[in-house]
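The sequence and the model are shown first, and a description of selected features follows.

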Amino acid sequence: MSIRVLVVDDQAIVRDGLVTVLSLVPDLEVVGEAADGAEAVALVAERTPDVVLMDLRMPVVDGPTATARITAAHPGVAVLVLTTFADDDSITTALRAGARGYLTKDAGRVEIATAIRAVASGQSTFDAAVGARLVAALGTPALSTPPTPVSLRERFPELTPREADVLERIADGRTNPEIAAELFLTVPTVKSYVNQLFQKLGVRSRAEAVALVLR
């Protein structure tokens with residue numbers, strides 16, 4: 001079954017290029033394109049995409065606002081940001097709005113297609129540049145290293161030590177199989193920990209969990 005994709009960008013040449021490129025990928029189906037966030041919100045209701053490939057800075061309604069509206073009204077739709085901007089404010093604003101992934105426009109066809117498949121399956125995904133900024137943002141001011149499980153346990157005392165371990169790795173962009181390998185657990189066990197910590201933190205997705213850690 002094809003993954004249904006809605007392309008959103010205010011630049012016609014970018015939209016046309018993305019539609020052309022994605023149409024060449026066998027398991028992806030472009031079901032529409034929008035030039036601003038308001039049009040995107042309307043088309044999501046009309047075309048029922050699985051994934052929205054969303055630009056951030058657009059007229060009428062910007063990308064974060066459109067993302068928040070889409071994820072609130074259609075929680076089954078995944079928003080994948082594709083933008084020129086990779087600054088901390090843009091990244092955190094998009095994640096807090098509900099985006100499940102974040103790529104810059106340096107990404108190629110294979111990387112974009114892989115990210116679309118990832119977010120469609122419920123995972124979060126970030127390109128290398130964005131991932132590096134997330135890791136830096138999660139670090140201490142002096143060392144800019146990822147937080148230890150102890151620091152996360154201090155911030156989220158409701159979590160068990162193992163749940164904090166899993167949260168740390170989610171924030172670092174790791175998938176469930178990668179977390180399982182690092183912590184010497186089975187993938188189903190990791191999924192169970194993920195569900196438990198989501199419930200305790202009151203979040204619905206990995207992107208929301210990352211946004212909560214970044215606050």
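## Packing of helix 3 and helix 4

The structure is a predicted model. In it, Pro 64, Thr 67, Ala 68 and Thr 71 of helix 3 make contact with Thr 93, Ala 94 and Ala 97 of helix 4. By type, the residues of this contact comprise 4 nonpolar, 3 polar and no charged.

Two packed helices are described by the angle between their axes and the distance between them. Helix 3 spans residues 63–73 and helix 4 spans residues 88–97; their axes are 8 Å apart and form an angle of about 20°. Because angles under 35 degrees count as roughly parallel, helix 3 and helix 4 are roughly parallel to each other. Their crossing is right-handed.

## Nonpolar cores

The largest nonpolar core contains 46 residues, and Val 52, Met 54 and Leu 167 have the most contacts inside it. Helix 11, residues 206–214, gives the most to this core, with 6 residues.

Another core, of 20 residues, lies apart from the largest one and includes Leu 28, Leu 53, Leu 80 and Leu 103.

## A buried arginine

Arg 15 belongs to helix 1, which covers residues 12–23. The relative accessible area of Arg 15 is 13%, and this residue is therefore buried, as the limit is under 20%.

With neighbours within four places in sequence left aside, Arg 15 is in contact with Val 7, Asp 9, Asp 10, Glu 33, Ala 34 and Ala 35.

Note on methods
Residues are numbered from 1 along each chain as its sequence is written. This is a predicted model: local features need pLDDT of at least 70, side-chain atom pairs count only at pLDDT 80 or more; totals for chains, interfaces and linings use all residues. Side-chain values use heavy atoms; hydrogens and water are left out. Axes are lines fitted to C-alpha atoms, for helices over the stretch in contact, and angles run from 0 to 180 degrees between N-to-C directions. Helices (H or I, at least four residues) and strands (E, at least two) are DSSP runs, numbered from the N terminus. Angles under 35 degrees count as roughly parallel, over 145 as roughly antiparallel, 65 to 115 as roughly perpendicular and the rest as oblique. A crossing is left-handed if the near helix is turned anticlockwise from the far one by less than a right angle, and right-handed if clockwise. Contact means heavy atoms within 4.5 Å. Ala, Val, Leu, Ile, Met, Phe, Trp, Tyr, Cys and Pro count as nonpolar, Asp, Glu, Lys and Arg as charged, and the others, Gly among them, as polar. A nonpolar core is a set of buried Ala, Val, Leu, Ile, Met, Phe, Trp, Tyr and Cys residues joined through side-chain atoms within 4.5 Å. Buried means under 20% relative accessible area, exposed over 50%, partly exposed in between (1.4 Å probe, protein chains only).
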